[in-house]
Structure formats: C-alpha cells, structure tokens
Amino acid sequence: MTHPLKDESLKRDTIPLAIDDLSGFARALRAGLEAAPSHQQMLGLIARAAGYRNYQHLRAKVTPAPKADPQLVSRALRHFDGQGLLLRFPGRTAIQGLCLWALWARIPPRTAFTEREISARLDALCAFRDAAQVRRSMVENRMLERTRDGAVYLRVETRPSAEALALISALRAR
C-alpha cells in the first residue's frame with residue numbers, strides 16, 4: 001500500500017495566474033482584509049509569495065509586454081482590403097511603417113531575392129502597383145536590406161512593434 005501523501009492522484013492541481021495590473025490586484029486584495037498592510041507592504045507580500053525577494057526584484061525580472069494602440073492599428077487596417085492587399089500607400093509616416101510591417105511579414109525569411117523577384121512579390125501584395133516606392137521604404141525602415149548594387153534583397157529579421165504584431169494578426173484573421 002502506498003502512502004496517501006505520495007499518491008499522485010492526491011496532488012493539488014496547479015493553476016497558473018496572470019495578473020495584468022498588480023497594483024490593482026493588491027488594492028482589491030487589501031480591501032478584503034480586516035487588518036490590511038500598506039499598499040507597498042502588500043506588493044512585497046505578493047512578490048515574495050510568487051518567489052521573488054521583494055517587489056523591486058519582481059519589477060526587475062518581469063518586463064510587461066507592450067500593448068498595441070488599437071486606434072493606430074485600426075487606421076492601418078483601413079489601407080488593406082479583405083484579402084490583405086495594401087490598397088494605397090499611406091500618407092502618414094506612422095501608418096506607412098505599420099503597413100510595411102504587414103508586407104514584411106509576408107516575405108519569406110532568409111531568402112535572397114533579385115530586384116525583379118522582390119518587386120513581383122510586393123506587387124502581388126499591393127493593389128496600387130508601385131513596388132519601387134514600397135521597396136525603397138522597406139529598405140529605409142530597415143525591413144529589407146540590399147547589396148550596394150541593388151541586385152540582392154533580404155528580409156531583415158527583427159521584432160515588429162506591438163502595433164505591427166497586432167496588425168499582422170488582424171490581417172491573418174481576415
């Protein structure tokens with residue numbers, strides 16, 4: 001017979017918990033306590049319970065993910081049709097950059113393209129057929145790199161912004 005505490009079926013389930021606003025969580029938890037510690041003490045208690053030395057240690061180890069600006073993403077989405085084609089080249093620089101990221105995501109990584117090949121790929125992603133403008137803008141924004149003679153183009157592997165990731169995701173969902 002096995003010992004009841006060593007029986008695998010009696011172990012507790014682990015339930016992961018993600019907290020978007022630790023300060024708000026601490027305030028809500030403090031409100032439910034009769035003799036509540038200060039807000040800073042509460043943050044320290046929560047951090048220690050999570051395995052950190054103190055609240056400052058938690059802040060140093062956990063970097064919150066940047067949140068996308070939904071209004072900016074919505075403005076960029078207006079420049080694409082239902083199939084994900086870029087309908088027009090945006091006038092605002094911030095929107096241009098976002099739209100270029102959406103095109104960047106559809107270019108295969110670690111693949112060398114000639115100028116003609118990259119232009120054909122960009123023309124297939126745009127309804128307005130101005131691959132030269134798009135190509136130059138992508139090089140200027142360091143999304144594409146090219147040889148000095150412009151014969152070979154490569155996608156630059158870098159992490160897009162939170163807004164760009166949200167736009168790419170929204171276009172894929174269409």
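Author: Let us start with a term: a residue counts as buried when its relative accessible area is under 20%. The model shown here is a predicted one, and in this model Trp 101 is buried, as is Trp 104.

Reader: What makes Trp 101 and Trp 104 an aromatic pair, and what makes the pair edge-to-face?

Author: Two rings pair if their centres lie within 6.5 Å, and planes over 60 degrees apart count as edge-to-face. For Trp 101 and Trp 104 the distance is 4.9 Å centre to centre and the planes stand 80° apart, so the two form an aromatic pair and the pair is edge-to-face. A search of the whole structure finds two aromatic pairs, and the one formed by Trp 101 and Trp 104 is among them.

Reader: How do you know that about one helical turn separates Trp 101 from Trp 104?

Author: Both belong to helix α5, residues 93-104, and because they are three residues apart in that helix, about one helical turn lies between them.

Reader: Why is α4 called oblique to α8?

Author: Helix α4 (residues 70-77) packs with helix α8 (residues 162-173) at an angle of about 50°, and their axes are 9 Å apart. That angle makes α4 oblique to α8, because 35 degrees is the limit under which an angle counts as roughly parallel and 65 to 115 is the range for roughly perpendicular. The crossing of α4 past α8 is right-handed.

Reader: Which residues make the contact between α4 and α8?

Author: From α4 come Leu 72, Val 73, Ala 76 and Leu 77, while α8 supplies Glu 163, Ala 166, Leu 167, Ala 170 and Leu 171. Sorted by class, the contact of α4 with α8 has eight nonpolar, no polar and one charged residues.

Reader: Why is α1 described as roughly perpendicular to α2?

Author: Helix α1 (residues 22-31) and helix α2 (residues 39-49) pack at an angle of about 105°, with 9 Å between their axes. Since angles of 65 to 115 degrees count as roughly perpendicular, α1 is roughly perpendicular to α2. By class, the contact of α1 with α2 has seven nonpolar, two polar and two charged residues.

Reader: Why does Arg 88 count as partly exposed?

Author: The relative accessibility of Arg 88 is 39%, and partly exposed is the term for values between the buried limit of 20% and the exposed limit of 50%, so Arg 88 counts as partly exposed. Arg 88 lies in the loop between α4 and α5.

Key: Residues are numbered from 1 along each chain as its sequence is written. This is a predicted model: local features need pLDDT of at least 70, side-chain atom pairs count only at pLDDT 80 or more; totals for chains, interfaces and linings use all residues. Side-chain values use heavy atoms; hydrogens and water are left out. Axes are lines fitted to C-alpha atoms, for helices over the stretch in contact, and angles run from 0 to 180 degrees between N-to-C directions. Helices (H or I, at least four residues) and strands (E, at least two) are DSSP runs, numbered from the N terminus. Angles under 35 degrees count as roughly parallel, over 145 as roughly antiparallel, 65 to 115 as roughly perpendicular and the rest as oblique. A crossing is left-handed if the near helix is turned anticlockwise from the far one by less than a right angle, and right-handed if clockwise. Contact means heavy atoms within 4.5 Å. Ala, Val, Leu, Ile, Met, Phe, Trp, Tyr, Cys and Pro count as nonpolar, Asp, Glu, Lys and Arg as charged, and the others, Gly among them, as polar. Rings of Phe, Tyr and Trp (its six-membered ring) pair if their centres lie within 6.5 Å; planes under 30 degrees apart count as stacked, over 60 as edge-to-face and the rest as tilted. Buried means under 20% relative accessible area, exposed over 50%, partly exposed in between (1.4 Å probe, protein chains only).
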